[in-house]
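Work through the exercises below with the sequence and the model open. Try each task before reading its solution.

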Amino acid sequence: MSARLGIAVPVLNERAWILPTLEALRDQEDPDFDVVFVDNNSTDGSAAFIEETAAAWGMTRWRVIHEAQKGTGAAADTGLRACIEGGATILGRTDADCLPRQDWTAALRRCLAPVEEGGLGLGLVGGSLLPRRDEGLSKATIGALMGAVAVAEAFGQVRPGNRSTQYQGPYMMAAGCNVGITSELYLAAGGFARTRIEDLHEDRALVNAVRRLTPNYARRRDVVVFGSSRRVKAWGLAKTLRWYKDHSYRPNHVDIRDPESDRAINLAERREDQGGLELAQRRDRAVMKAAHPVAFPLLDALPGRFTRLPKVGTFVKDPALLREVFLDQTRFAKTGPGSPSDLWTPILGPDVLINMDGPEHAALRRKIGPLFTPASVSAIVEDSLTATTAVLRERLASGERVDLVQHAKHAASVVIARLVGVSTDVVGDDFFRQAARVTGYVSLTRRGLTERQQADARAVMDSLRATAADAYRADGDTVPARLRRLGLSEEDATGVVAVLIVTGTETLVSFLPRMSALLIDSGWLPRLADDQASADAAINETLRVTAPTPVTLRRVAADTSLGGKRLRAGERVVLGTYWATSPFAPFNPSAAAGDLKRLWFGAGAHFCLGAPLAMAQAHLLLGALAAVPELRIVEREAARGVLIPAYARLIVQRRGGEDRG
């Protein structure tokens with residue numbers, strides 16, 4: 001059993017500055033650790049901000065406790081003892097204005113874990129403290145600061161007070177914001193002195209207490225934290241160095257954080273707003289990576305506008321080039337080897353819209369297009385989901401925990417069942433599992449499905465076609481019946497319906513929770529509650545960032561060129577819609593991201609027929625969420641091994657509803 005690691009972080013009025021520290025802890029390569037944030041009488045909402053951020057990120061092993069006694073020593077001691085009570089056998093401390101390097105917790109574990117667990121078995125570790133590079137210090141000042149620290153460390157070795165015979169080992173500098181120690185040794189040494197920062201350097205006191213007990217400690221250059229230089233900026237380099245030298249410089253107010261100043265408040269708001277937007281987009285990228293842990297990082301790292309990939313094709317991620325391909329059916333086809341027809345035709349036949357091109361495709365689209373106008377689908381969605389949405393709003397308002405993935409599945413089932421004239425049981429949990437299995441067969445490195453995969457997919461689709469056949473033969477306002485009246489054969493009509501069920505439900509169940517997470521994570525949901533007119537822009541922005549169909553295929557119909565690159569007939573073109581739209585600009589619902597013309601829905605003759613359906617359902621869900629704007633995400637889990645990136649769970653709850661469970 002590996003050693004349990006606990007981290008303590010003292011906090012005093014850090015709301016304006018702490019987000020980068022939280023991000024650094026969240027992004028550790030070794031995530032197996034607890035964090036105890038110790039609020040030391042903050043007056044700026046630091047504790048609430050940490051708790052809300054931890055909940056939004058799903059960091060269930062983070063918690064905030066409170067220490068009334070002023071001082072970093074008292075706060076750090078309370079935090080580390082809380083870690084020990086929680087079962088931690090090795091400990092670390094950093095501060096709320098510091099940035100632990102990504103391998104910090106891994107390095108602490110490596111140094112402090114027992115030898116029998118593969119560690120170095122040290123009792124105390126003093127890490128390397130480097131200046132942060134994001135606080136505007138000049139290179140000269142950074143160099144001078146690091147040189148002064150090196151001189152101070154050398155002086156500490158020869159300082160008479162550090163050379164007493166009571167010590168079992170040499171002096172070691174260990175900054176309090178980058179120290180690690182075993183729980184056993186921490187308790188034996190008495191812990192950090194519970195003092196104010198201006199009264200005693202509690203880190204030096206702890207190191208000397210340890211030196212009296214054991215020589216088993218070390219300075220480790222591989223345990224790295226980037227420390228804040230706020231004191232240098234506030235006091236200047238000389239005074240800061242005198243402060244750290246036994247407080248020979250001691251101003252009237254040693255706390256350089258003033259939460260009441262306009263500068264601090266404005267900085268907090270700017271960082272919170274920008275940090276929330278960046279956080280939301282990073283969280284959504286994690287959903288992409290969970291679905292495609294190998295392909296996503298590979299495609300993400302490709303340089304330039306397009307790249308030839310062996311066994312895959314020419315990967316294109318330039319918006320203008322994507323639009324050129326979408327609009328030119330003559331040069332870039334959906335039929336033939338390497339195209340989408342390779343996947344769908346063996347299962348559903350050649351005439352189900354998504355595997356068609358040219359005049360036949362245009363004719364079929366003209367016939368069924370009127371069924372999917374914004375007015376038509378809005379009426380169906382409103383009629384189908386008004387009651388369901390009202391229930392959702394009531395559950396959220398009452399403080400109940402709600403899984404938005406389950407809600408999205410239910411909503412998609414109800415609407416699709418109404419459209420195609422089947423029971424909602426047909427589009428239930430079993431269907432979603434089967435559909436995910438079938439679409440999961442698709443791979444960029446394979447041009448088609450195996451015989452076994454085709455047989456499995458046909459079995460799923462045939463069951464859908466059989467249920468739609470009854471609606472086709474009956475009178476009514478369902479899609480199958482209307483397709484019959486438009487002259488489509490039963491085979492063609494039920495094939496179109498089967499595709500509609502699979503593609504429509506999967507993309508909606510992917511998009512609606514991702515949209516919700518983006519707006520909650522970014523802090524934008526409350527703004528939409530006060531400005532419903534912005535809802536359309538917010539939905540389109542979340543569609544741009546998520547691109548629910550991240551990749552689309554085309555086949556080069558004849559030798560041609562694209563963006564100056566020669567393409568041969570028969571080559572496959574992989575259109576990276578996600579990479580053309582999501583990185584185009586940072587996520588920001590208040591700013592239009594260029595002239596992408598809703599490229600996430602395709603373009604031209606193949607512009608997504610179901611786009612109005614997606615927009616109508618998104619508007620309805622967003623209205624319910626905006627009615628309870630104080631929502632937070634309490635649990636989230638990204639789906640793994642799926643074709644369409646999605647959440648497996650996204651549980652939200654109104655703030656203050658925790659007692660509902």
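**Exercise 1. Find where the charged end of arginine 211 sits, then look at arginine 527.**

Solution. Start at tyrosine 167. The charged end of arginine 211 sits over its ring, 3.9 Å from the ring centre. The rule: NZ of Lys or CZ of Arg must be within 6 Å of the ring centre and within 35 degrees of the ring normal. Now go to tryptophan 524. Arginine 527 lies over its face, at 4.6 Å from the ring centre.

Before going on, note that this is a predicted model: local features need pLDDT of at least 70, side-chain atom pairs count only at pLDDT 80 or more, and totals for chains, interfaces and linings use all residues. Residues are numbered from 1 along each chain as its sequence is written, and side-chain values use heavy atoms, leaving out hydrogens and water.

**Exercise 2. Trace the aromatic pairs of phenylalanine 296.**

Solution. Step one: search the whole structure. There are 7 aromatic pairs. Rings of Phe, Tyr and Trp (its six-membered ring) pair if their centres lie within 6.5 Å; planes under 30 degrees apart are stacked, over 60 edge-to-face, and the rest tilted.

Step two: take tyrosine 578. Its pair with phenylalanine 296 is edge-to-face, with 5.9 Å centre to centre and 70° between the planes. Phenylalanine 296 lies in helix H11 (residues 295-301) and tyrosine 578 in helix H23 (residues 577-581), so the pair ties together parts 282 residues apart in sequence. Helices (H or I, at least four residues) and strands (E, at least two) are DSSP runs, numbered from the N terminus.

Step three: take tryptophan 579. With phenylalanine 296 this residue forms a tilted pair, at 5.8 Å centre to centre and 40° between the planes. Because tryptophan 579 is in H23 and phenylalanine 296 in H11, this pair ties together parts 283 residues apart in sequence.

Step four: check burial. Buried means under 20% relative accessible area, exposed over 50%, partly exposed in between (1.4 Å probe, protein chains only). Phenylalanine 296 has 5%, so it is buried. Tryptophan 579 is at 8% and counts as buried. Tyrosine 578 is buried too.

Step five: collect the cluster. Ring pairs link Phe296, Phe315, Tyr578 and Trp579.

**Exercise 3. Identify the residues that touch the most other members of the largest nonpolar core.**

Solution. A nonpolar core is a set of buried Ala, Val, Leu, Ile, Met, Phe, Trp, Tyr and Cys residues joined through side-chain atoms within 4.5 Å. The largest has 85 residues, and Leu483 and Met515 touch the most other members. Helix H20 (residues 490-521) gives the most to this core, with 16 residues. Another core, of 35 residues, lies apart from it; Leu19, Ala54, Ala56 and Val125 are among its members.
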